[in-house]
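Work through the exercises below with the model open. Try each task before reading its solution.

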Amino acid sequence: MGLLLLTGCSSAHPILYPNGHFQSVGKEVAQQDIDVCKQLAESSGAEEGGGGPGRVATKTAVGAGIGAASGAVGGAISGAVGRGSMIGAASGAVWGLLSGLFSAATGPSHPTQAYTNFVNRCLHEKGYEVTGWQ
């Protein structure tokens, strides 16, 4: 579990093609340029990851809604619509909360599109070729 959390906390980064510019400056300078471009992106308003507490709240609410609907259907079959709806909403909310907390703890798998576009353009203007992110 700890390894999974550590892996999730590491942020995605651009992969640079080893073109002439990259080879002339080396890995260390390239990493410094990546860091500068990431800071510029954030200072310009592009956020690396989306969500946080808002994503957890959304997943909790969605889970409650789905749980209430499925609980109502199950309750209708057994003859207790209200009770089934309440149980479904509670279990759905718990599922949504836990999945939201887990995804918030592990972080987004990839940065937002605005963030990656900004960093890619910044690196391109510095002479690098970004082949992708991981």
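**Exercise 1. Find where confidence in the protein is lowest and where it is highest.**

Solution. Start with the whole protein. Its mean pLDDT is 79, and 66% of its residues reach 70 or more. Next, go by element. Helix H1 (residues 2-9) has the lowest confidence, at a mean of 42. Strand S1 (residues 14-16) has the highest, at 98. Now look at the start of the chain. Over residues 1-8, pLDDT stays under 50. The model has 6 contacts beyond four places in sequence for residues 1-8. Where pLDDT is low, predicted coordinates should not be read in detail.

**Exercise 2. Identify the disulfide, give its handedness, and decide whether its cysteines are buried or exposed.**

Solution. The cut-off is 2.5 Å between cysteine sulfur atoms. The sulfur atoms of cysteine 37 and cysteine 122 are 2.0 Å apart, so the two form a disulfide. The count is 1 disulfide. The angle about the S-S bond is -70°, and the link is left-handed. Last, accessibility. Buried means under 20% relative accessible area. Cysteine 37 has 0%, so it is buried. Cysteine 122 has 10%, so it is buried too.

**Exercise 3. Decide whether threonine 116 is buried or exposed, and list its contacts beyond four places in sequence.**

Solution. Threonine 116 sits in helix H5. Its relative accessibility is 12%, so threonine 116 counts as buried. Leaving aside neighbours within four places in sequence, threonine 116 contacts Pro111 and Trp133.

Terms used
Residues are numbered from 1 along each chain as its sequence is written. This is a predicted model: local features need pLDDT of at least 70, side-chain atom pairs count only at pLDDT 80 or more; totals for chains, interfaces and linings use all residues. Side-chain values use heavy atoms; hydrogens and water are left out. pLDDT is the predictor's confidence in each residue, from 0 to 100. Helices (H or I, at least four residues) and strands (E, at least two) are DSSP runs, numbered from the N terminus. Contact means heavy atoms within 4.5 Å. Buried means under 20% relative accessible area, exposed over 50%, partly exposed in between (1.4 Å probe, protein chains only).
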